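Please have a look at the model first.

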Amino acid sequence: MKHTISILVENKFGVLARISGLFSARGFNISSLAVGETEDPTVSRMTIVVEGDDKTLEQIKKQSNKLIDVIKVIDYKEGDFIDRELILVKVSISPKTKKEVMEAIEAVGAKIESTSDKSLCVEATGDRAKIKTLLELLRPFGILEVVRTGRIAMDTTGKGLKADGKPEVNE
Amino acid sequence: MKMTGAQILIECLKKEKVEVLFGYPGGQVLPIFDKLYDAPIKFILVRHEQAAAHAADGYARATGKTGVCIATSGPGATNLVTGIATAYMDSIPMVAITGQVKSFLIGNDAFQEADITGITRPITKHNYLVEDIKDLARIMKEAFHIASTGRPGPVLVDIPSDIQMQEAEFEYPEKVSIRGYNPTYAGHPGQIKRAAKAISDSKKPILYVGGGAIISDASKEVTDLAINNEIPVTMTLLGLGAFPITHELSLGMLGMHGTAYANHAIMDSDLIVAVGARFDDRVTGKLDAFAPHAKVIHIDIDPASVSKNVDVDIPIVGDAKTILRELNKHVKKPDTQEWVKTIAEWKKKYPLKYKEDDALRPQYILEQIFEATNGNAIICTEVGQNQMWAAQFYKFTKPRTMLSSGGLGTMGYGFPAAIGAQLGVPAAQVFDIAGDGSIQMNIQELATAVANKLPVKIAILNNCYLGMVRQWQELFYKHRYSYTCLNGTEPDFVKLAEAYGAVGMLITKKEDVRPAIDKALKINNTVIMDFRIEQEENVFPMVPAGEAINKMIGGGLA
Ligand SMILES: Cc1ncc(C[n+]2csc(CCOP(=O)(O)OP(=O)(O)O)c2C)c(N)n1
């Protein structure tokens, strides 16, 4: 099963290596990883999508928590968060397929960022389903290049976390 | 007052009350060594940096204090790696200081540059590269704090040589505050009560005690829990000494080379109370078959160790001593009469044994060392059969007297660890129980021991083989002794001892064992005893890797 976890870490050099090293040393497979500063510039947030059963997930959380630079680890429950990914796709076109490709792009609400005679560069942001649909629609035309940011996620229940690891609202 | 980085470092060590520092010099730590020249800290010059780390580790295990070692950059730093990994696997508090090339050269493949923070990331609890002289004092304070609190472990601080020379105001922080690091010490009161009830209700409880109990100085609490409630106790290799093996409730060590009765008791128990032990595969054997009838209570300071290998019914995260004190208040004595009786019968029926004939057998040597030292010695071991015989036949009765590389299984650990232990506890009689293979991994430390007048006694159980590997080859590889025979290539250990200024003895007959030990104990110098033991003696019982722990070879119980 895929899990989305969010890790608040000290914004220091070497932290990413510690986290990724921990994952690889224990054989946990990262399927997506996105890192960036939070509202507090001394804190970064990593959103990591991992695959594994409950036991693996439990170990991932505990082992991550053990790292000195880790402030907090949160494991998002299905339905309690929104997630987004930015993707850039270069798709090949011909005078014959151009119109069809453009329609597909429009259908999923993606944007054309640049065009040439032979290809279109498309930008899309969205959740897993949207990105997947876009790729499926474009694949038959010939995808030349794909670049994705990795997923980021945010709690929507009001129980989310601030950069200091404290809950949004004190209950 | 303004001080150089090197001075600041020394001041930090003084503030941390570091008495002894193990290390080796080099270009990138010269500013520090220059200040060490006048510092009120005992410096022990080892002959290989690996030994500096092991000696710091042995010092830490024997005293409970944090061990400190230092090496230069590049090869000096990488030579520490095995010692750091050894300490990491066994949760030993250690601070390792390394020199680094000048800040502006980092990343340029400068002479003697190695990315030691990168290399040691997976084998340290935490590590630092000092980038700004202003951070040095804070980092040192944090390093000692992190190394010695929570689940202890090694912390490495890498200091570029230009930073050792730069100046800054010295101000040692009073307190450490790290957002992400707040170890839990008190156990959850509700869980403690549940655990107490489970113990009170059990019929066949067993205590399974690991190195964590020693680290937390919980020996008294373990003993109270066991004796007041008549609960049998088994210990891991690193747990030995937490409860006296000589007590009737003790089952000695469990696991691959544990006693038949310990393994059988675990498999038959209805409740396991694990204290500072992590259900290592050498202990559990085949996991699916492990202790099928038992509920598990797990007391551990590291939440990640709980339910990692074995599913736990009642987890209690925190310090073993603190938790056991609380637990001991709540437990009502369970009815274990039948259970204790059964176990006493097993103990009588399936004792640890060996052939008692005229041959020179290692088990006999260990029994004699035990008797000659009244069980008061600090026993360090190397790795292999020697280690397992020590665990089986020296009856450990006190904590911090069994120093052995459990988690990593590092040959070459014992002798430098003995040096560290002897420095930490000068009054103690310190032994290194060695194999002829292992002792040659750090034999150069004879110079360190002799130079510092350390009366460490090295007992080489010399079988002319890399014995433990040979044993596996005998049992599982059809006697094909592929590169495990050292016969014909062994040095003359007596001459070797003498060459270093130590004392050497050769013992080939059973009747000479005790007189030799007694004589060695009287010598105020480093002594090597080269015991020529039965060459193909094996360690039994033995659970083949991957088998259930009651499926022992040579254990008496099938
Ligand atoms: C550094 C290191 N290299 C290799 C091993 C693998 N190993 C485990 S036991 C052993 C044999 C040890 O031989 P010896 O020191 O003579 O002790 P004995 O088993 O004969 O008592 C070896 C090679 C190890 N544990 N550590």
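The sections below cover the basis of the values, the interface and the salt bridges.

## Basis

This is a predicted model, where local features need pLDDT of at least 70, side-chain atom pairs count only at pLDDT 80 or more, and totals for chains, interfaces and linings use all residues. Residues are numbered from 1 along each chain as its sequence is written, chains are lettered from A and ligands numbered from 1 in the order in which they are written, and side-chain values use heavy atoms, leaving out hydrogens and water.

## Where chains A and B meet

On the chain B side, 20 residues are in contact with 19 residues of chain A (heavy atoms within 4.5 Å). Together the chains bury about 1,700 Å², with 49% coming from carbon and sulfur atoms; this is the accessible area (1.4 Å probe) lost on being put together, summed over both. In chain B, B:Arg121, B:His126 and B:Arg179 lose the most area to chain A, together 37% of what that side buries.

Four salt bridges run between the two chains (a side-chain nitrogen of Lys or Arg within 4 Å of a carboxyl oxygen of Asp or Glu). A:Asp40 and B:Arg179 form a salt bridge at 3.6 Å, N to O, and A:Glu10 joins them in a network of salt bridges.

## Salt bridges within the chains

Over all chains, the structure holds 41 salt bridges. In chain A, the side chains of A:Asp83 and A:Arg151 meet at 2.2 Å, N to O. Both A:Asp83 and A:Arg151 are buried (under 20% relative accessible area, with exposed over 50% and partly exposed in between; 1.4 Å probe, protein chains only).

In chain B, B:Arg282 pairs with B:Asp281 at 3.8 Å; B:Arg282 is partly exposed at 43%, while B:Asp281 is exposed at 53%.

Technical notes
Buried area = accessible area lost by both parts, 1.4 Å probe.
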